[in-house]
Structures are given as C-alpha cells and as structure tokens.
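Open the model in your viewer and keep the sequence panel beside it.

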Amino acid sequence: MDGGKESPGTRDCRGDGRVSAAELQGIMEGVMSGVEEMQSQAALDIRRLTKTSSRNRRQLSAAVPPLVAMLRSGRASTCEAAILALLNLAVKDERRNIHFVRFKLLSVAEDFPSSRPEAAMVLTQNKISIVEAGALEPLLVFLDSTNSCLREYAAASFFTLSASYVNKTRISASGAIPLLIKVLEYGSQQAKVDSIAALHNLSLINDNLKTILALNPIPHMINFLKTCKKSSKSAEKCCALLESLISFNEGRQALTAEEGGVLTVVEILEEGSSPSREHSVGALLTMCESDRSRYKGLILKEGAIPGLLELTVQGTPTSQAKAHRLLELLRDSPYQRSKLKPDTLENIVSSIVSKIECEEQAGKAKKMLAEMIQISMEQSLRHLQRRALVCTPKDLPPGNRRSEVSSK
C-alpha cells in the first residue's frame, strides 16, 4: 500500500528492492543533508523502498526524525515528499517489542480486537516514533490547509498514526478531532474517507467519543454515507462510529433532526456490507430500546421492515438477534404476547404490517415476509433431508429399526 498519491513532477517511485548498505548510507546522508533538493530525493527513495517492504521500513526507521523536520520546511513539494515517505514508513509497521509490555494488555488490545491476547504485544513502533519526533504539529497545519493535496495527506497520516493505541490520546490532545470533523465537512472525498477512519480509531477511547459527539459530526457523517458506496470499508467505519454515537441521547437527537438521517441508516440496513448492516441494526435497536414510543414510528416510516426481515434469515448471528429483537419492539403492543400466541416471526411482523398506513410499505413487508417464510421452510426441509441421509439404524427409535437377526 502506498502512503499517498504521486505529487506532480516527481519521478516514478515503483519498486521495493532491498536496501544495500551503500544505498542506505546515501539515503540517510541525503535526508540529513539540510539541502532541500537532496532531502526531497532521499524522501522519494524512502517512499519507493518502503512501499511494500517491511524489512526496508525497519532499516530506514532512523530517517523518521529528519523527515519530520522536513515537514516544517515551508515548501509544499518538500513537505509532500516527506509526508509520503513517513506514511509508507508507518503503514503496516508491526513488530513485537518487549519494551512496550509495560502497557496494559487490555488497553493495547483495542488496536487488535479480534486478535489472540498474546498478539496484543504487537505494536507499531514507527507510528509511535513519528509522533514522538513532533509530527503532529505540522500535520495539524496541513489538515487545516487550503492546499488540498497536503490536507489529504494529513488526513491519511492521522488515520495511519491513530491505529496505535499509544498515539490515540496524544492525537486527541493535540486538537486534531475538530479539524478532522472540519475535513469531513469541507474536504475532498478521499480526505473524508481518511478522516472517518481516523475518527473511528480515536473513538475507541471513551473520552474521545464524547469529544467527537460534542462537535456534532452526525450531519456530516450522514452526508458521507449518502455519497459513498454502501458496501465499502469506509461505510463500515462510519456506521461503527455512528452506532457508538447513537448510544448517547445527543447522538439520537442529532440523527433524527438530520433530514434523511434515519432513512440513510435504513438504506445501509438493506444495501450495506455485513458489518455495516450489523452496525445499522444496532443503531436502530439502541434508539428503540432507549425510547420506544418516540422512535418506533420514525423507524417504521422509513421502511425498515424488509431489511430487518432479510437480516433475520441472512444476517450474522448478532444481526439476526438484533433484528428479531427490534421487530418485537416495533410491534404495536408494548406487552409480551401470551404463551398461547408465541412470538413467531410471522406473528410479530403481521402485527406490525397491520399498523403500517402506507400501502406500498405494507405490501413490500408482506411480500418480504412470505419470501422469508419460504426460505425458512426450504432451509428446514434441507436440514431434514441431510439428517435422513446420515441417519443410521442406531439413531432410529426401537420400533422403526429393521431386525438385524438373520432370517434363516
């Protein structure tokens, strides 16, 4: 993965050959020379050599301090060369470092939520070194710059650097969050993508989540979801952040106050990737559980039933459970049904559909329900057929077994 776009006029930077001792010495001499042309060329070489090679990233990690110093040069082309080299040094820079075991395992594990516990010791040393070398101050200037390229590169840098738990508190303390939200409002689409990713990374710390919420990012997030591809990774990160913000009353109020806010979440429910759909149904469920009488009508009005029905059959186990629970809450009666009338999916949805005033939505929900019931019946039939194929005589009730005694 390359750290950014080619800046105009730079040479071709493809290739990732290993660094010889002589080449390494020449690059380091160039980046530390103090001569801008030599420094820029050395930065381009670092970018080229670290594009895909983790070995080269380790060998060239000593270039971090002079590259960070280049960010203060005041010359756009020099700054671009430096920031792109730093991005490639930071991307996927993961290694075991015993010196960081002192950090709490659970804290570090936030960067690796799906990893085994021992994997939490894997830290991103170049990411940390870049921040420790003082990169945040010039990156903040670029993030607020009128130079669109520098702004994009800065947003990508905050995304990459915020992947490290150690950097999260430092980045938020630097004042980056308000500028990232500003980029989310006014930046290019690529800058918005990276800003969303950075905010998502930073939101894993609760205090940062409250800071983000206080800056009212939800209108900009909804606009982003309206324009991005619903199944994209950036939509997943945006939906994950949105679900976290919806856990606060202020977040729920901001979503419902935004024109098309709830509708956008419903559209993700129908068109998003599996993780996005899980986050969207989680957000809607949180709303309904917090104040059923207030949010039930809004959710029904935006036509959430078909998407929820589909999730009950085709979603992840978590999505299925959340979708079924939300359907129960969307039913008219606030009380549980009698045991004589069990809460089957058909009973729940039939009750909801009978209360939907819009004929088009009701018809769509009924059709979807019929399709889901058919799918469920077909799945049950296939399950029975599979069981019949693998069933052995010892699995059958005694009365159904054929005699194993010889007929002689």
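Twelve salt bridges turn up in a search of the whole structure, a salt bridge being a side-chain nitrogen of Lys or Arg within 4 Å of a carboxyl oxygen of Asp or Glu. Side chains of opposite charge can pair when their charged atoms come close. This is a predicted model, in which local features need pLDDT of at least 70 and side-chain atom pairs count only at pLDDT 80 or more, while totals for chains, interfaces and linings use all residues. Residues are numbered from 1 along each chain as its sequence is written, and side-chain values use heavy atoms, with hydrogens and water left out.

**Arg75 and its partners**

Select Arg75 and Glu36, which form a salt bridge with the closest N and O atoms 3.4 Å apart. The pair links distant parts of the chain, with Arg75 in the loop between helix H4 (64-70) and helix H5 (76-90) and Glu36 in helix H2 (residues 36-49), 39 residues apart. Helices here are DSSP runs of H or I with at least four residues, numbered from the N terminus.

Now show the surface. Arg75 counts as partly exposed at 37%, and Glu36 as partly exposed at 25%.

Still with charged side chains, select Glu23, Asp45 and Arg48, which are linked in a network of salt bridges.

**Lys322 and Glu243**

Next, select Lys322 and Glu243, a salt bridge with its closest N and O atoms 3.5 Å apart. Lys322 lies in helix H21 (residues 317-330) and Glu243 in helix H15 (residues 233-246), so the pair ties together parts that are 79 residues apart in sequence. Lys322 is partly exposed at 23% relative accessibility, whereas Glu243 is buried at 18%.

**The cavities**

Stay on Glu243, which is one of the residues lining the second largest cavity, along with Leu225, Cys239, Leu242, Val265, Ile268, His279, Ser280 and Ala283. H15, helix H17 (261-271) and helix H18 (274-290) are the elements that give two or more residues to this lining. The cavity holds about 40 Å³ of space. On a 1 Å grid over the protein atoms alone, a cavity is a set of points where a 1.4 Å probe fits but cannot get out, and lining residues have an atom within 4 Å of a point. Grid points are joined across faces, edges and corners, and a volume is the space filled by probe spheres set on the points.

Move to the largest cavity, with about 70 Å³ of space. Its lining includes Leu71, Ile83, Ile130 and Thr160. H5 gives the largest share, four residues.

**Confidence**

Finally, colour by pLDDT, the predictor's confidence in each residue, from 0 to 100. The average is 79, and 69% of the residues score at least 70. Over residues 95-123 the pLDDT is below 50, and this stretch has 38 contacts (heavy atoms within 4.5 Å) beyond near neighbours in sequence. Where pLDDT is low, the predicted coordinates should not be read in detail.

Key:
Buried < 20%, exposed > 50% of the residue type's maximum accessible area, 1.4 Å probe, protein only. 1 Å grid on protein atoms, 1.4 Å probe; cavity = no way out; pocket = protein on both sides within 12 Å on 5 of 7 lines; lining within 4 Å.
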